[in-house]
Structures are given as structure tokens and as C-alpha cells.
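Welcome! Let us take a walk through this protein together, one region at a time.

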Amino acid sequence: MRRRCLPIQFGGRLSPSRHAHVIVPGGSCALALTGRDSVHPLPSPASRSSRPRVSPRPTKFEPIPIFPTYHPKMPLKGYGIWKGTATKWDGTAKPGHGHITFSDTTSTRLDAAVNIESKSSDSRLVYWVIRDLQPVSATFTHSLQALPRGFHPQKGTLKTGSLGLDFLRLNLFHPQDGILLSHNTPGTSHNILDYLNPILNQAVVQKADIYLFGEPYNDKTGIHDIHMNQGNSGQWKKDNGIFQDGGIILAFPDGHWEGIFLAFAVQTYKTDEQGMPVGDTFAKLLGGGKQPGEGDEEEPEPIVGDGIKIEAALVNPHGPDQQPSRGDGETVYLLNRSVTTVDLEGWRIENGSGQSHVLNGVSLAVQSKKGVAVPGVALGNKGGVISLKDNGGKLVHQVKYSRDQAQREGALVYFLQK
């Protein structure tokens, strides 16, 4: 008997042309990779040898091999996906956690615990967001959409038909695109709730479908471990495994999908086939060996993310751009990914037409961000360019956005994370 599993596409920005088809002949799955413009079933054994061998496009960031040579150990009990509808978000419900209330066909009062800080000596989290998930992995979202509401256990890997997440092996995003975030760092606005609140509140208002990846509570009233579950050391080492990472994926009524992914700064961005830590931590990778404000005996070496970047922009606020009916007007968010505080006095934010706004009294601490209102700098809703120049007129960073990205009223357009 020949059974076909759901097709799944993973690739992210590392290899956006790869589609994975999982086919089960007699109960065992096989994997075929096809090109961007066509999706084919696996060729018959007789025809495989006649197909030319295509070398993968080389990338600057080399991922860990996707599949282990054995069935992976999954320490989380009953890991899976819970599909429901988001009905409430409280970012400060309990110390260390925010809580999502969601419903499915069995209950209207289910709970999801979302970490907003770590219990480790370094309490920071690492945050990734994909604001438009379908172009990254369209067949993955199609597979999720086909699931009925409720909890669905997942075991194994993509090769065995699982829809389980693995931050390091599925290439949904680059680990080095993460942002180090604290819960309540004094003197900065670089707070994890600054990122979570807008997305999750929007999901509640619009009654978005929510897909929560993690481990269910013992009493089956909710789910937790909605974060990376590998690369741990110390007392959390026992939870390490691959293809059992947590996450939040949202399907909005307008048809777009968003993904929120969290890890702990003390976890490593490489792991072995058991999910055990290998090499440096995310804190080291992202240029912040210790928490902001702590003294370092040695200057931390920035591996990625050097300098001041345009992280996001509100280009289409609610109502008229410079006189919004609610919330902020047009705003550009700057992020300091360097290892020193940077004084932005005299720097300029410009649009593609040459209109500019000069920054006065603005400085950015290490790993902090700031929203800058840009009166007089029209950020067009039909797409555009935003440039950041230093006080000598040198171009520091430039980003572009499309008409489609600008159409969601009141939503941020992200540039460092897609």
C-alpha cells in the first residue's frame, strides 16, 4: 500500500527554492527535493539515475545536516501542536511568563505559557519573527491549515512526516538574525513585550488561528515550553532534543501568516544529533556576552550584527499618516547591534525623495532600540526606501519595502527579520 504524507516546504532565505515531499511507501517515508517552479512526486527507482545531480547553492551560513542517522530522542512528554483561536494575551500574567488564552472545540479557557525571561543567570531571550511566513514555507502553512482544531502529537523528523519545529535544521530563519531581549532592562525600550504585545494583541482582536508548538500541561488544559528546546546546559540539559522546539504561528483572517520564535541567550546556536550544546551561546553569537549593564573583563567580540540598523518602520499608521486616528504616526525604529553605546546626534533619516529628519538628543545603548517619529518625511504606502545617514552624511543603512508590505494599517514592517 502506498500512502502520501502532507507535502512540506522548508528553506527560508538559505535555500528558498527547495520543496520537500514526504511520501510513505509501505509505512516508511522518503524525501525528494524539487525546484522552485515545479513540484513533482518522487521519481521511480529506474528514472532516478537519469536525473542530473544538482549541487545546492552555497550559502554563507552552513546549517547542521537536516536529518540524523537514527530516530531522534524527544525528551518532552507528548510534544505537539495545539491549534485554536487566540482570545486573550496578558504579557505580565505571572512572573517570568506571559499567558495566551485560546479556545478549541473542547474548551474556551485553554492556556499557553510564554517565557518573557529566563531563570538562568543571563535572563535574556532571543527573538525571531517572520511577518509573512507563507513565502518562506507555503506548503508547511498549508499542512498546518489542514489540521483540525485541537492537540496533535508530533514525533520524529520531517523525514518521518512530523510537523515538529527545529530552529537549527529547518532553515526557517538564520540564527544570527535573532535579537537579544530583556524583560525589563532599566533605561532602555528594548523590552521583549515591545515585540510580543503588538503581534499577539492583533491576533486576539482579529481572532487569528493560533498554532502552539510545545509540551502540554499534565492536566491537558494548556501548553508550555513554547521556546527552543535544545542547546541547554545544566539543569535543563535533560530537555534537549531535536525537532521538538516550541513556537507560535498565527494565521490571520486576511490570509497572511506570522511566526514568533524564542530561545534563551544561554542556549547554543549549534547542537549535536541529540540536541546537546555545541560551541558558543546565542549571547556570544549576537555580540552580547553578558547582560546590558554588566561589566565585562574583556571586550565582547561581535560576531554578527555590527552597527546601527533600521530594524522596522510604521509606514501606514491608522488614519492619516501624520495625524493618526490612534497610536503613533510614521515611525522608524533603530537598533544598536554593536558593542558600544552610539551617539546619534546629527544623524538623519531620509526617504527616497530626499526628505530628511535630523536626530537630536538621541543615543542608543548596546542592544537597545528606539522608535523615532519622522515628521516631514513621507513614508509612502506604495512602497519606498528609508535611509539612515551619520552626521557626516555617510550612508549607514538603507532598507526597501514594497506596496504589499505597506498595506497592513497599523502594522510594523520589519527589515532585519522577515
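Two rings of Phe, Tyr or Trp, taking the six-membered ring for Trp, count as a pair if their centres lie within 6.5 Å. With that in mind, look for W128, F167, F173, F261, Y269 and F282, which form one aromatic cluster. What you see is a predicted model, and the structure holds eleven aromatic pairs.

Before we look at single pairs, a word about confidence. The protein chain has an average pLDDT of 77, and 73% of the residues reach at least 70. Among the elements, strand β10 (residues 209–216) has the highest mean pLDDT, 97, while strand β3 (residues 30–34) has the lowest, 35. Over residues 1–70 the pLDDT stays under 50, and the model has 137 contacts beyond four places in sequence for this stretch. Residues 289–305 also have a pLDDT below 50, and here the model shows 31 contacts beyond near neighbours in sequence. Where pLDDT is low, the predicted coordinates should not be read in detail.

Now back to the rings. One of the aromatic pairs is made by W82 and F102: their centres are 5.6 Å apart and their planes stand at 80°, an edge-to-face arrangement. W82 belongs to strand β4 (residues 80–94) and F102 to strand β5 (residues 97–103), so the pair links parts of the chain that are 20 residues apart.

Another edge-to-face pair joins W128 and F282, with 5.4 Å from centre to centre and 70° between the planes. Which parts of the chain does this pair tie together? W128 lies in strand β7 (residues 125–130) and F282 in helix α5 (residues 282–285), so the pair connects parts that are 154 residues apart in sequence. W128 has a relative accessible area of 2% and is therefore buried; F282, at 1% relative accessibility, also counts as buried. Both residues belong to the aromatic cluster we started with.

Our next stop is a sheet. Four strands form an open sheet in the order β22-β17-β16-β25, with antiparallel pairing. β22 and β25 (413–414) stand at the edges with a single partner strand each, so one side of each has no neighbour in the sheet.

Let us follow strand β17 (residues 331–336) from one partner to the other. Six bridges connect β17 to strand β16 (residues 308–314) in the antiparallel sense, and L314 stands opposite T331 of β17. Towards strand β22 (residues 369–373), β17 has five bridges, again antiparallel. Here L334 stands opposite K370, and V332 has V372 as its bridge partner.

Why is β17 described as largely enclosed by the rest of the structure? Six of its six residues are buried, which means under 20% relative accessible area for each of them. In a regular strand the side chains alternate between the two faces of the sheet. In β17, both faces are covered: T331, Y333 and L335 are buried on one side, and V332, L334 and N336 are buried on the other.

The charged end of K369 sits over the ring of Y195, at 5.2 Å from the ring's centre.

Conventions:
Residues are numbered from 1 along each chain as its sequence is written. Side-chain values use heavy atoms; hydrogens and water are left out. pLDDT is the predictor's confidence in each residue, from 0 to 100. Helices (H or I, at least four residues) and strands (E, at least two) are DSSP runs, numbered from the N terminus. Contact means heavy atoms within 4.5 Å. Rings of Phe, Tyr and Trp (its six-membered ring) pair if their centres lie within 6.5 Å; planes under 30 degrees apart count as stacked, over 60 as edge-to-face and the rest as tilted. Buried means under 20% relative accessible area, exposed over 50%, partly exposed in between (1.4 Å probe, protein chains only). A charge sits over a ring if NZ of Lys or CZ of Arg is within 6 Å of the ring centre and within 35 degrees of the ring normal. Two strands pair if DSSP finds at least two bridges between them.
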